[in-house]
Amino acid sequence: MKVRSLASLVATNLRSSPGSAASAVLGVALGAAFLTFFIGLGEGLRSRVLNRILPANQIEVEPRSVRVFGVAGSPTGGDLDPARLRRLQGLPGVERALGKQRSAFPARLWGGRHLIGYDLHTEAFFDGIPDALLRPELEAFERSLDLGRRRRERCDVDDDCPAGSLCAEGVCAAVRWASRFDSRDVVLRCTADEDCQRGEACADGRCSPRCGEDDPDASPCRAGERCLPVTDQEGAPAGDAKTPEDPPAVCRARCRGDSDCHGAESCDSKPGGDGLGLCRAVRCLLQRPEDARSLERGAMRGQLAVACDAAGGWCGRGGGCTGLSYCAADAPGAVSGRCELPVPVVLNPLLLEVFNTDMAASLGIARVAAPEALLGVRFHLALGDSHFTADAARDRQMVRQAVVVGFSSKAPELGVTAPLAAVAGWNARFSGSAAGSRYDGAIIETSSNEAVSATIAEAEAMGLELSRRSRTARTFGTVVLLIYLALVLLALVVLAVSALGIAHTFAILVHERRREIAVLRALGATTRAIFGLVLVEAMLLGAAGGLLGLGLAHAASLAVEAAAARWLSEVPLLPDAFFEFPVWSYGLPIAVGVLFCALGAAWPARRATRLDPATVLSQP
Amino acid sequence: MRPPLIHARQLSRAFGEGPSRVQALVDLDLDVEAGERLAITGPSGAGKSTLLNLLGALDGGYQGTLQIAGAELHTLGDRQLSALRNRTIGFVFQSFNLLPSLDVAANLALPAAFVEGGAAAGVDPAAVRARALELLARVGLDASVATRRPLELSGGQRQRVAIARALLLKPALLLCDEPTGSLDRAHADAVLDLFEELARENGSALLIVTHDPLVIERQPRVLHLEAGRLARDERRQA
Ligand SMILES: Nc1ncnc2c1ncn2[C@@H]1O[C@H](COP(=O)(O)OP(=O)(O)OP(=O)(O)O)[C@@H](O)[C@H]1O
Ligand SMILES: [Mg+2]
């Protein structure tokens, strides 16, 4: 039978019984709408809530520990050292395994004066995570703010500029904060090797990886770095008579110009003789200590000026450093120091929500309008100091600045997340060089979601266990998946019921049209053609119902999003959208509508082929 | 020698089982040649419609032999039977049996929709449309009728459309069950004239079941059925 004739017959049939067609379509539409709505919600929750906290192919493991009333005690499964990290990395199905460290020293922080009028003081806990893990999310967040496209405003100081941008050469320029979450920007200053992590040496006032001791293939130096004897670092002539105990060598990045170095350093081309130089702390801008003191204002008057020891010059609280860098003393009250870049940190958005909902109300202070208002905000860290334990490690204390470069749900809710290099370096400084290379946990990324279970088993065999966070995420993920499946099942039940409706409708239609069907048979229609005629009509209704359901589901999802935006905007931790419709979710309701209608109409269609045309036509 | 268009031997048809069993046709022998014209008559319940349904391959539940165009209907499958009904047989019913949801043109073209192979079988849409319009003119209907619905037409007009539809694919056998039964005398005569003329033009054999003596009188051969048996097979000069 020809497609066109069949189509026109079906079309006229549909038109001739609009009532029953409409009721059949509505049933299917309802089922398809349920299905699409639940899929959109399920996918949205999975990708926007779960994946943000911990993606499905990532797990976090920690050394197994004794738990007393749910509180983790000391580890029993042994340390997670670089060797075990490499073993994790080597497991089949593991894409990468990245170590994490928590701060093992007291610290406090204060800041916020120019945001809320006075400084907030609190204890600080640090999480060090590999910057590669956060950077994509930070960059996506920054792209969504679209800072670069804003109108460029004239300015004299940073405060003239909108949030997230700084004053540079008279105009406000967007700072690409996300790219600053980079361990290469973290330069750990030292005065002796004991300030550095194991495997590092203090050369030229900074901690650098030792090299050249064992075989050169296992060199810790990265691309662009060279292994140089420590004596070379100081600019002393190389190749001289070596001291008996062989001065250690360290990896140093080579530079062609100042742009190869981070903001608080410049390229010094003296060593090596190959035209390439080393990044060194820049000379501070002030000539005399009086200049530094004269820059200070109000309450800060009387603070010490800092002599930039290695590079020369002076700086102080009020200035003396270039670009984004600030004047950092080696220790509180010390006269020696240098210009340094603030440590980039990332916060959990919950922190902002808690601040806005609970803290702002109880402290009677203004709320922070948007997360981008916090981008670029600096605060002070007193490392090794505490509100609770006095005089802890006083001799090693230092005061540093940190700058907020982004927000991530992967960051712990309470605490400050910094590049691993910074936290590891501080741990080495305060708890001994071994502490710098002992991980508190590892984030394991598998090549597929299916490889996760096997990886967990392997890690458990190594004396590790899932972190509380990872366990919660997995439990939550399973619960969400189960609810999701239950709702999809419910939608399928609705569709099945609507298929029964279709069967009923078409049984009646076939009975009503039995004479027409008999005439068609008399004119030469095969039983297959009759079957097809009924089925295609049902499938068209199914497609129409599916399409209608798709529209209904999307309308409902928009209504829910709008209602959530209207009434739930102040609830912390809510995602910006609840629904996500993958491409296949657009075709699915239509396909499912067609399928269920075809199933429902199959039996009536078969009945239509069984009609005896002679009998039907004999009836008056 | 070509086989006769219709060849039936000891053709019987019974309905029902046990005490309610009805023997509608009993041991009927019949040969009809191509182009022949016959009237089939007899009292109500004699089995006329039953015979016509068997000849039209609409009812396969018979005993005996029944060959149409040389093919034993027993041995044909659904596709072959459908093709036979489609290409070899044209039906005209007392109650017209036009599809109310399709317009006249679509009703007319309906048989072409079921041709297996379409254009390959020599039936292309343009030719079908041309033939439908030609037939419409031939049965005396204005071209403007083509876009109207069957229910907007008079009984006579509807029967003309039904005749045109039966002739669309030039069937060798035209089967009509009381085609003039629901028409008044004047219309009935006009329709019958048309029928006979078109059948002659096409070279189709024409079998008309009728009670109407005037219709019977016009046919060169008359079959009288009584209680399922062929009582008389009467041939005369036209
Ligand atoms: N499908 C059927 N089931 C049972 N009995 C049937 C069936 N079709 C026909 N009959 C019986 O077969 C006999 C012949 O019926 P048929 O319709 O062929 O008569 P007819 O000659 O066409 O009568 P009429 O002039 O009233 O149309 C009748 O007794 C009828 O009741
Ligand atoms: Mg009859």
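A disulfide here is a pair of cysteine sulfur atoms within 2.5 Å. The model is predicted. Searching the whole structure gives four disulfides over all chains.

**Stop 1: A:Cys211 and A:Cys227.** Select both. Their sulfur atoms sit 2.0 Å apart, forming a disulfide. The S-S bond shows 100°, and the link is right-handed. A:Cys211 belongs to strand β11 (residues 206-211) and A:Cys227 to strand β12 (residues 225-229), so the pair ties together parts 16 residues apart in sequence. A:Cys211 is buried at 4% relative accessibility. A:Cys227 is partly exposed at 33%.

**Stop 2: the four-stranded sheet.** Move along chain A to an open sheet with the order β17-β16-β19-β18 and mixed pairing. Its edge strands are β17 (314-315) and β18 (326-329). Strands β18 and β19 (residues 336-340) run antiparallel, joined by four bridges. Pick A:Ala329 and find its bridge partner, A:Gly337, in β19.

**Stop 3: A:Cys315 and A:Cys327.** This disulfide has an S to S distance of 1.9 Å. Its torsion is about 70°, so it is right-handed. A:Cys315 is in β17 and A:Cys327 in β18, so the pair ties together parts 12 residues apart in sequence. Both cysteines are buried.

**Stop 4: A:Cys321 and A:Cys339.** Here the sulfur atoms of the disulfide are 2.0 Å apart. This link is left-handed, with -85° about the S-S bond. A:Cys321 lies in the loop between β17 and β18, and A:Cys339 in β19. A:Cys321 is buried at 17%, and A:Cys339 is buried at 1%.

**Stop 5: A:Cys597.** Go to helix α14 (residues 584-610). A:Cys597 is buried, at 1% relative accessibility. Its contacts beyond four places in sequence include A:Val28, A:Ile502 and A:Met539.

Terms used: Residues numbered from 1 in each chain as written. Chains lettered and ligands numbered in written order. Predicted model: local features only at pLDDT ≥ 70, side-chain atom pairs only at ≥ 80, totals over all residues. Heavy atoms only, no water. Helix = DSSP H or I, 4+ residues; strand = E, 2+ residues; numbered from the N terminus. Buried < 20%, exposed > 50% of the residue type's maximum accessible area, 1.4 Å probe, protein only. Contact = heavy atoms within 4.5 Å. Pairing = 2+ DSSP bridges.
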